[in-house]
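Biologist: I am new to reading structures. Could you take me through this one, feature by feature?

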Amino acid sequence: MYVAVKGGEKAIDNAHRWLAELRRGDQAVAELELDQIAEQLSLSVARVMAEGSLFDPRLAALAIKQARGDLIEAIFLVRAFRTTLPRFGGTSPVNTGAMICSRRISATFKDIPGGQILGPTFDYTHRLLDFDLAETGQVPAAEQGADDATAKPHVLGLIGREGLMQAEHATSNDDAIPDLTREPLTYPADRAVRLQALARGDEGFILGLGYSTQRGYARNHAFVGELRIGLVEVEMDIPELGFAITIGEIEITECETVNQFQGSKTEPAQFTRGYGLVFGQQERKSIAMALVDRALRWRELGEDYVGAPAQNEEFVLSHCDNIQATGFVEHIKLPHYVDFQSELELIRRIRGEAGIQADLENGHDMKGAAE
Amino acid sequence: MNQIMQTAETGPSTDSAKAAGGEAYNFAYLDEQTKRMIRRALLKALAIPGYQVPFASREMPMPYGWGTGGVQVTAACLLPDDCLKVIDQGADDTTNAVSIRRFFQRTAGVQTTEVTGEATLIQTRHRIPETELVAGQILVYQVPIPEPLRFLEPRETETRKMHALEEYGLMHVKLYEDISQHGHIATAYSYPVKVEGRYVMDPSPIPKFDNPKMHGSSAIQLFGAGREQRIYAIPPYTRVHSLDFDDYPFEPMRADQTCALCGAEDSYLDEVIMDDEGTRMFVCSDTDYCGGRLEAGHEGQQGDAT
Amino acid sequence: MATTGLEGGFANAPVQSAQTFRAVLNAMAHPGRIETVSAAQPPLPMDPAAGAVLLTLADHETKVFLAPSVDSDAIRSWLTFHTGAPLVASGAADFAIGHWDELLPIDQYQIGTAAYPDRSVTLVVTQPAITDKGTVICGPGIQSTASLNIPDTALLDFNANRSPLGIDMIMNAGDQLAAVPRSTRLFDREKR
């Protein structure tokens with residue numbers, strides 16, 4: 001006898017309990033604390049904050065713990081939390097020129113005012129597994145230089161002084177800057193919207209697109225004019241006070257690329273810019289973002305659309321969000337009995353009719369042959 | 001000043017439904033500003049039947065593809081004294097239906113039901129209930145891809161133009177090519193409809209068996225696509241025509257079987273594979289309809305069907 | 001009746017705005033049907049139903065035009081405090097509030113664009129009374145016909161000529177409201 005499957009509620013409860021048990025793992029092993037995640041998995045935390053569009057290392061650490069280390073799941077948790085937060089208003093533009101840099105490099109000049117700062121990078125580590133890390137132990141302290149809190153000029157600004165760098169349009173009205181999380185995305189999208197989408201877009205997707213531009217799919221001849229990582233202050237205008245106050249300090253990575261630009265009859269040749277800015281230390285993402293930003297600017301810069309994916313604004317923006325992507329890709333595991341049944345019925349009908357037709361035709365042929 | 005005032009209004013402390021775990025949510029989860037934005041979109045959607053209104057879909061605590069659009073529409077419509085029914089594939093007890101129903105029990109404290117006739121608001125994925133909906137009921141559809149032209153033209157910029165110009169030739173060509181290739185229109189679900197003679201609309205992935213139920217329905221039909229940020233609607237008593245040709249009229253389709261449990265001959269059926277030999281049986285996809293018939297004493301050839 | 005801008009809002013915003021919205025949703029889905037709302041008490045002479053509609057639908061993202069009869073300091077500060085909606089000239093409005101005569105001419109409002117017909121005004125028109133007698137209308141949401149004392153049938157012709165662009169209207173009187181979306185037609189015209 002057939003009994004329809006019941007008990008969805010019980011199944012869900014049991015699944016959740018099992019999941020919680022697996023998340024904790026062997027109880028004989030010490031439980032992860034949020035501080036440990038925030039301190040020792042800080043690059044994961046940075047990615048979760050960036051793609052979750054919420055700067056809060058502790059919440060990101062909690063999300064990573066709850067998600068069993070699945071970063072996209074953690075980003076999702078942060079996003080869903082973010083949605084419930086009231087919006088107080090917009091901050092003043094962050095002044096990255098005043099950044100206290102922990103790392104600052106330029107690939108275009110050997111030396112720059114303020115100096116190159118190698119900083120904490122994997123760049124020149126030899127990727128050899130460090131078996132000492134398998135054991136816990138003390139790390140020798142790095143040599144401490146003198147504190148350098150002086151503002152460092154942007155390298156692209158220095159090039160710009162010579163008129164070689166195309167100036168960016170200043171947006172005077174902050175209210176005119178759209179908020180991707182509060183307004184539906186429509187095309188063509190403003191550069192501000194594109195940059196927002198790229199900043200919270202999936203690192204892997206943006207990386208692949210950026211890479212594709214280097215391999216010739218809308219190549220834009222990028223040099224890393226400057227990559228800087230460090231702390232900036234976030235300020236907000238308080239109308240009741242009549243002035244801006246600092247509401248916090250965040251770590252960000254900023255990448256500005258210098259790209260070739262063919263001048264026109266009316267405009268002498270100038271370099272153009274690709275721009276990447278991400279929460280935390282995320283060099284890979286910020287460089288890739290700058291490449292994609294630059295590729296998406298083909299229309300305003302009068303370049304040819306060569307049909308490259310990285311140039312296609314609608315393609316990039318509608319597919320770069322990993323929460324949207326993972327939801328829709330994974331949703332096909334949900335029940336689709338009803339739609340599938342309708343296709344089954346249709347294909348049987350078509351095959352059935354085709355079969356009758358084939359029989360008729362065969363019969364006709366045989367008859368014809370006999371004649 | 002306004003923003004600070006609004007913060008007070010939207011904060012979770014205001015008239016929140018207290019959850020069992022002590023967490024506080026605003027009534028029906030969404031903050032008031034978000035509800036206003038969705039409500040405005042819903043009203044324009046009703047005023048322009050079949051037209052997809054862009055809305056700033058929020059991130060919900062469930063994944064895109066699980067019904068975030070439907071959930072937001074439901075949350076924007078829900079009243080504390082509503083009676084909510086949630087179905088997925090026609091059934092009240094599928095896991096996602098259970099999950100969404102729980103979400104609203106928890107965040108809005110509403111009464112729920114499995115009986116179609118008792119519900120004031122029904123959220124559905126992939127089906128329209130068999131029991132005819134009546135005036136005063138609201139049916140909220142979860143929609144994955146709201147754009148009926150999307151698989152013919154992937155660019156939103158282009159499909160928007162086509163709707164603006166009422167240029168639906170591409171769709172007719174596609175349907176016609178189906179006929180010349182297969183002898184049938186090869187669309188079995190998400191079968192496109194024209195609403196009030198103007199907009200071509202995706203009815204969500206309901207089987208085309210359900211399409212006729214949309215036409216002239218007494219209920220308010222609302223469609224929410226969260227990931228794609230679109231809301232659209234069919235007011236009651238509205239003309240909904242499934243696209244077809246004079247020589248190939250639209251034909252709703254169901255398995256040519258009766259329900260093994262309740263013996264229904266008019267309901268949409270799920271096919272169930274019973275054993276390794278491929279024995280099959282057919283049962284109503286609408287669990288409430290089937291249950292109602294069983295209670296009324298109807299009987300099918302339970303278990304004997306092949 | 002409220003005397004200051006701080007009063008006369010929804011005491012229980014999530015529930016009262018949900019109730020008001022459901023009334024407006026039902027009205028918009030059933031052109032000509034008369035719904036009852038309550039709770040909002042805007043400064044006089046703004047109608048309570050008009051006030052409830054604004055509290056439910058307006059915020060800092062919507063632009064509101066106040067016609068002269070409701071354009072007072074008291075109403076402005078009430079609306080600003082409770083909704084944050086920017087007050088604008090008629091041509092830019094998402095919502096325009098007032099009596100029919102002072103909202104004319106209707107061609108001054110946004111009717112949407114071919115690509116985005118939803119980017120259009122909703123008129124909130126205060127009447128002395130709403131009755132189910134008057135113009136016989138038909139269209140989506142109406143089973144066969146309905147009757148409503150629409151202030152001016154010119155709106156129906158205006159919309160019919162611009163479909164699917166157009167102007168949507170919410171009529172209000174005291175605690176009652178009814179809606180006439182752009183899809184509503186004059187029954188007499190359709191018959192011919």
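This is a predicted model: local features need pLDDT of at least 70, side-chain atom pairs count only at pLDDT 80 or more; totals for chains, interfaces and linings use all residues.

Modeller: Residues are numbered from 1 along each chain as its sequence is written, chains are lettered from A and ligands numbered from 1 in the order in which they are written, and side-chain values use heavy atoms, leaving out hydrogens and water.

Biologist: How many helices and strands are there in chain B?

Modeller: Helices (H or I, at least four residues) and strands (E, at least two) are DSSP runs, numbered from the N terminus. Chain B has eight helices and 14 strands.

Biologist: What radius of gyration does chain B have?

Modeller: The radius is taken over C-alpha atoms, and the globule rule is 2.2 Å times the number of residues to the power 0.38. For 306 residues, a compact globule would have a radius near 19 Å; chain B has 21 Å, which agrees. Its C-alpha trace spans about 65 × 50 × 35 Å along the principal axes.

Biologist: What share of the residues in chain B is buried?

Modeller: Buried means under 20% relative accessible area, exposed over 50%, and partly exposed in between (1.4 Å probe, protein chains only). In chain B, 65% of the 306 residues are buried.

Biologist: How is the size of an interface often given?

Modeller: It is often given as the accessible area lost when the parts come together. Here buried area is that loss (1.4 Å probe), summed over both parts. Between chain B and chain A it is about 5,100 Å², with 59% from carbon and sulfur atoms. On the chain B side, B:Glu59, B:Arg102 and B:Met253 lose the most area to chain A, together 12% of what that side buries. Counting contacts (heavy atoms within 4.5 Å), 68 residues of chain B touch 49 residues of chain A.

Biologist: Where is a cis bond found?

Modeller: The bond from C:Leu44 to C:Pro45 is cis, with omega near 0°. C:Pro45 sits in the loop between β1 (35-36) and α2 (48-57) of chain C.

Definitions and conventions
Buried area is the accessible area (1.4 Å probe) that two parts lose on being put together, summed over both.
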